[in-house]
Number of protein chains: 4
Amino acid sequence: MTDPAQLTAWQDRLNATPFAAWLGLALEGCDDTGIIMRLRSRPEILGSPSTGALHGGILATLIDTGASYAVMLRTERSVATIDMRVDFHRPGQSSEYRIEGNAIKIGHTVSTGEARVIDSEGKLVASGRAVFMNVER
Amino acid sequence: MTDPAQLTAWQDRLNATPFAAWLGLALEGCDDTGIIMRLRSRPEILGSPSTGALHGGILATLIDTGASYAVMLRTERSVATIDMRVDFHRPGQSSEYRIEGNAIKIGHTVSTGEARVIDSEGKLVASGRAVFMNVER
Amino acid sequence: MTDPAQLTAWQDRLNATPFAAWLGLALEGCDDTGIIMRLRSRPEILGSPSTGALHGGILATLIDTGASYAVMLRTERSVATIDMRVDFHRPGQSSEYRIEGNAIKIGHTVSTGEARVIDSEGKLVASGRAVFMNVER
Amino acid sequence: MTDPAQLTAWQDRLNATPFAAWLGLALEGCDDTGIIMRLRSRPEILGSPSTGALHGGILATLIDTGASYAVMLRTERSVATIDMRVDFHRPGQSSEYRIEGNAIKIGHTVSTGEARVIDSEGKLVASGRAVFMNVER
């Protein structure tokens, strides 16, 4: 269950990240088991001139953000992404996306998180993982 | 050696991709051995409020774009990214970046490409690979 | 719920794969939601002379096998691995491991699967994903 | 250029790793720029009952080993693999393989290496990368 004060604190942090703020990423819920964000599409973030699908780099941004916030919620430390891997399952052609992030393993030095991007019909658009160095804020 | 007409054709294609156009990605050179692009930083694409480093999702975008164009130059077909993996080597804190893309393996159905993002001091900021489905344009 | 005849058929297939047979991989259960295998350790598959931990290449083998069988159970076709990614969470120091495989996305040409390797204390040793080309047997 | 005493010392280390010793991995050359190993195939390490191709888990083992030794040669420290990614380019159907490993980035805490597996006709069978935690021996 989401603690409203915690949600506001993490949304403030997201807003202080220039690219996340430009994208308009909105935190919907968070607890120890994971995090949920929402993104509304906008014309500048499309990748394909013909199909209007979301750019792969935007999907990668959502995976990185979802996985890193899920890890930070657990560690209460900051992270630096060591590496990220994204699987693209189908073109993203919604006006809105739901991002779900979870921690896979919290370690002393290194942690692993995963995230999924789901379109407005509930279909899995992309999923992936990232490994993070835990760093002091 | 770059053929100027070919360079213009591929830059037009890049400009027709909304997110690449918004980023202002510029093609500098291309031949059968690979592709070189350039990106000027802008405030909206930063990731860290404290260090001013480029957002990891932008670096992922550059790896995806560099690798996919290197593959398309060889196949003269279009691609759909199946999956992508990015290693983040150091924070990107330049005003300008050079992106180098190369094909690793061109296959009938699937091709593999790689790319590197290099800062203005010549240091490797990120590198990675992607696997692409070759599709007809 | 596992169908015993199906389990025998898939175990026969595993036994016909020389490296899986040498490892002694045993299928424990399988249905549409996934697959469970078991591996008993043996001296030749250790990686570290000092700690006696399982070799990373063996963990990668378990991820590839768990993910590919989970996909094949759904598609009833064969697969060729396009690429694989493995996260190593802690040293594997059990005498026995449980491998759980699941399909993430079944596509016409390409499918994605994931797997986890769990030690005898229930701890996550490694997890990962692979992308497969669906091929006719 | 390879220093024979160094080559012997690293081969001894490889021989002390049970799974590498069982595979019979032989170090052919090493210097600051990278490492070259050789593997002779054997019936137990095949993956496909029909084609006789090398098992993907063995190719992953070769990528992990090639990349980790290339990093250790530079750092003179030991490593623990954090994660590994392998691209499979074509079936491995040779009696012998050449493995080439190189360091991509040496860091204080974390280093990145890559490796390629080449068949006896000079064709690229698999290539990949791994990220390592640098640890004291």
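Select the contact between chain A and chain B: 28 residues from chain A and 28 residues from chain B take part, with contact meaning heavy atoms within 4.5 Å. This is a predicted model, in which local features need pLDDT of at least 70, side-chain atom pairs count only at pLDDT 80 or more, and totals for chains, interfaces and linings use all residues. Residues are numbered from 1 along each chain as its sequence is written, chains are lettered from A in the order in which they are written, and side-chain values use heavy atoms, with hydrogens and water left out.

Next, show the surface. The two chains bury about 2,100 Å² between them, 65% of it on carbon and sulfur atoms. Buried area is the accessible area (1.4 Å probe) that two parts lose on being put together, summed over both.

Now pick A:Phe19, A:His55 and A:Phe88. These supply 24% of the area that chain A buries against chain B, more than any other three residues.

Turn to polar links. Eight residue pairs are in polar contact between the chains, both residues at pLDDT 80 or more. Such a contact is a pair of N or O atoms within 3.5 Å; within protein, one must be able to donate a hydrogen and the other to accept it, and residues adjacent in sequence count only if both atoms are side-chain atoms.

E3(A) gives the largest share, eight residues.

Finish on E3(A) and E3(B) (residues 78-88). Five bridges join them, and they run antiparallel. Strands pair if DSSP finds at least two bridges between them. Find A:Arg85: opposite stands B:Arg85 in E3(B).

Definitions and conventions
Helices (H or I, at least four residues) and strands (E, at least two) are DSSP runs, numbered from the N terminus.
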